[in-house]
Amino acid sequence: MKYEFVNVVTHKFRTPLSAIKWASDNLKKDMTKDERLLFAKQIESSADRLTEITNTLVGVAETGDRYSYIFVAHSFREIVESVLDRQGYKAREKGIALNISIDHDLPSLSLDVKKVQFVVEVLFENAVRYSPPHSAITIAISRTPKGVLLSVSDNGMGVKKEDISKMFEKFFRSREATKIDTEGMGLGLFLAKNIVDRHGGKIWVESDGEGKGATFLVELYLRPQE
């Protein structure tokens, strides 16, 4: 597992670092202002990717440490809305419509804000990444008898029946996912499940099969298991 982890991380860092080196070398040449802007954007994009990888690795380190969790009473709705405010542009860039439904009488929950925010970001970013342009994503938060339920539904590539039980395993990526996003690490959903488990909640996926979209669901309870 250590060997596999090092190989994955090494590969994921090498790609954006190579892109930064290539773009910076080109910036030393004579070129137009538009050409310079293009290379600058390439550097910015690669730097963002490195930040994303680093945040994921920090999550790997912290997820298993029960003492790194800070539970406070907080609104789950506010966390979801914050993620959509900051990440919504990713959907707009692909022409993806966001259909949002949120109950108004949601209770506050005892949770670690940053870690639950990470879970929501993973589900939203995956929905955008694996959805076709000009499609739609539906995000709903509702009250349940035990707590609060979040669902993120897309019309993307879906999940094969045989892959559903593997979706939250470390390093697992379906063959279809690797075709769409060659840079994925197979850690996002694994970390999300660990965080939800630590909150005493439940996370799962539902899909009618390949090409039929998927719905990821998270239920957090009023009294999470400590």
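## The β5–β7 pair

Strand β5 (residues 147-154) pairs with strand β7 (residues 214-221). The two run antiparallel over 8 bridges. Strands here are DSSP runs (E, at least two residues), helices likewise (H or I, at least four), numbered from the N terminus. Two strands count as paired if DSSP finds at least two bridges between them. Within this pair, S151 stands opposite L217 of β7, and V148 stands opposite L220 of β7.

The model is predicted: local features need pLDDT of at least 70, side-chain atom pairs count only at pLDDT 80 or more, and totals for chains, interfaces and linings use all residues. Residues are numbered from 1 along each chain as its sequence is written, and side-chain values use heavy atoms, with hydrogens and water left out.

## The sheet

T138 stands opposite S153 of β5. A hairpin of 3 residues connects β4 to β5. In β5, 8 of the 8 residues are buried, so the strand is largely enclosed by the rest of the structure. Buried means under 20% relative accessible area, exposed over 50%, and partly exposed in between (1.4 Å probe, protein chains only).

The open sheet holds 5 strands in the order β2-β4-β5-β7-β6, with mixed pairing. β2 (97-102) and β6 (202-206) form the edges; each has a single partner strand, so one side of each lacks a neighbour in the sheet. From one strand to the next, the twist averages 10°.

## Helices on the sheet

Helix α3 (residues 76-93) lies across β2, β4 (136-143), β5 and β7. Its direction is at about 175° to β4. Helix α6 also packs on the sheet, where it touches β6 and β7. The direction of α6 makes about 140° with that of β6. Axes are lines fitted to C-alpha atoms, for helices over the stretch in contact, and angles run from 0 to 180 degrees between N-to-C directions.

Helix α6 spans residues 188-198. Its buried residues are L189, F190, L191, A192, I195, V196 and R198. G200 follows α6 with a positive phi, near 75°.

## The α4–α6 contact

Two packed helices are described by the angle and the distance between their axes. For helix α4 (residues 113-129) and α6, the axes come within 9 Å and cross at roughly 145°. The crossing is left-handed: the near helix is turned anticlockwise from the far one by less than a right angle, whereas clockwise would be right-handed.

On the α4 side, the contact uses K115, V116, F118, V119, V122, L123 and N126. On the α6 side are G188, L189, L191, A192, I195 and V196. Contact means heavy atoms within 4.5 Å. The residues divide into 10 nonpolar, 2 polar and 1 charged. Ala, Val, Leu, Ile, Met, Phe, Trp, Tyr, Cys and Pro count as nonpolar, Asp, Glu, Lys and Arg as charged, and the others, Gly among them, as polar.

## The whole protein

The protein has 6 helices and 7 strands. Along the sequence they follow α-α-β-α-β-β-α-β-β-α-α-β-β. Of the 226 residues, 45% are buried. Among contacts between residues at least 6 apart in sequence, 72% join residues at least 24 apart.
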